[in-house]
Amino acid sequence: MTDSKQKQYDSAYLKMAEEWSKLSYCKRRQVGALIVKDKMIISDGYNGTPSGFENICEDDEGYTKWYVLHAEANAILKVASSTQSCEGATLYITMSPCQQCSKLIHQAGIKRLVYKDQYKDDSGVRFLKKAGVAITQLED
């Protein structure tokens, strides 16, 4: 695939991840993720509370509750409960991953990351670069 065609796909998938983020109940920040492998979306996710918990992500002071799952973690967990594999896949996410999620991304076998906004702490991205994950930031 040519670089310009890949950039078109990257932009389109990232826009889809942005639409997916709008499904989140979180007020502070809505994040969406898609996992694509062999030109097929194999998983999706957005940040939110675990199954069976109320859909309220923030506590009374406005801080995110510790048990809220990040979008990429939700997407990876969906794949884990399916017959699919993330090995060699691309993760599209509206915000760069935190430290904890970057470990999951690497361990899941995701080889490429495309994101829009930079998280306040870039150590997750630095970890993934060190792990050999190809990283692209696409800004508006």
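## Basis of the description

The model is predicted, so local features need pLDDT of at least 70 and side-chain atom pairs count only at pLDDT 80 or more, while totals for chains, interfaces and linings use all residues. Residues are numbered from 1 along each chain as its sequence is written, and side-chain values use heavy atoms, with hydrogens and water left out.

## Overall form

The protein contains four helices and five strands, where helices (H or I, at least four residues) and strands (E, at least two) are DSSP runs numbered from the N terminus. Read from the N terminus on, these elements follow the order α-β-β-α-β-α-β-α-β. The C-alpha trace spans about 50 × 35 × 30 Å along its principal axes. For 140 residues a compact globule would have a radius of gyration near 14 Å, and the protein agrees with this because its own value is 14 Å; the radius is taken over C-alpha atoms, and the globule rule is 2.2 Å times the number of residues to the power 0.38.

Of the 140 residues, 43% count as buried, a term that stands for under 20% relative accessible area, with exposed meaning over 50% and partly exposed in between (1.4 Å probe, protein chains only). The accessible surface comes to about 8,300 Å², and 50% of it belongs to carbon and sulfur atoms; these areas come from the Shrake-Rupley method with a 1.4 Å probe, and for residues only the protein chains shown count as cover. Among contacts (heavy atoms within 4.5 Å) between residues at least 6 apart in sequence, 48% join residues at least 24 apart.

UniProt, in an unreviewed entry, places the feature "domain: CMP/dCMP-type deaminase" at residues 8-127; its positions are given in the numbering used here, feature names are shortened, and annotations may be inferred rather than shown by experiment. Over residues 8-127 the chain is 32% helix and 21% strand, and the end C-alpha atoms lie 27 Å apart.

Helix α2, at residues 71-80, is mostly covered, since seven of its ten residues are buried, namely A71, E72, A73, N74, A75, I76 and V79. The cover over these buried residues includes the strands β1 (32-37), β2 (40-46) and β3 (90-95), together with helix α3 (99-108).

## The annotated binding site

The UniProt annotation "binding site", again from an unreviewed entry, covers H70, C98 and C101. These residues are spread over 32 residues of sequence, yet they cluster in space, with a largest C-alpha distance of 9.0 Å. Of these residues, H70 and C98 are included in the lining of the largest pocket. On a 1 Å grid over the protein atoms alone, a pocket is an open set of points with protein on both sides within 12 Å along at least five of seven lines, whereas a cavity is a set of points where a 1.4 Å probe fits but cannot get out; lining residues have an atom within 4 Å of a point.

C98 sits in the loop between β3 and α3 and is buried, with a relative accessible area of 11%. Leaving aside neighbours within four places in sequence, C98 is in contact with H70, E72, Y119 and G124. C101 belongs to helix α3 and is also buried, at a relative accessible area of 4%; with neighbours within four places in sequence again left aside, C101 is in contact with H70, E72 and A73.

## Cysteine pairs

A disulfide is here a pair of cysteine sulfur atoms within 2.5 Å, and by this rule the count comes to one. The pair is formed by C26 and C57, whose sulfur atoms are 2.3 Å apart, and the link is left-handed, with -75° about the S-S bond. Because C26 lies in the loop between α1 (3-21) and β1, and C57 in the loop between β2 and α2, the pair ties together parts that are 31 residues apart in sequence. Both C26 and C57 are buried.

What is the closest cysteine sulfur to that of C98? It is the sulfur of C101, which at 3.8 Å is too far for a bond.
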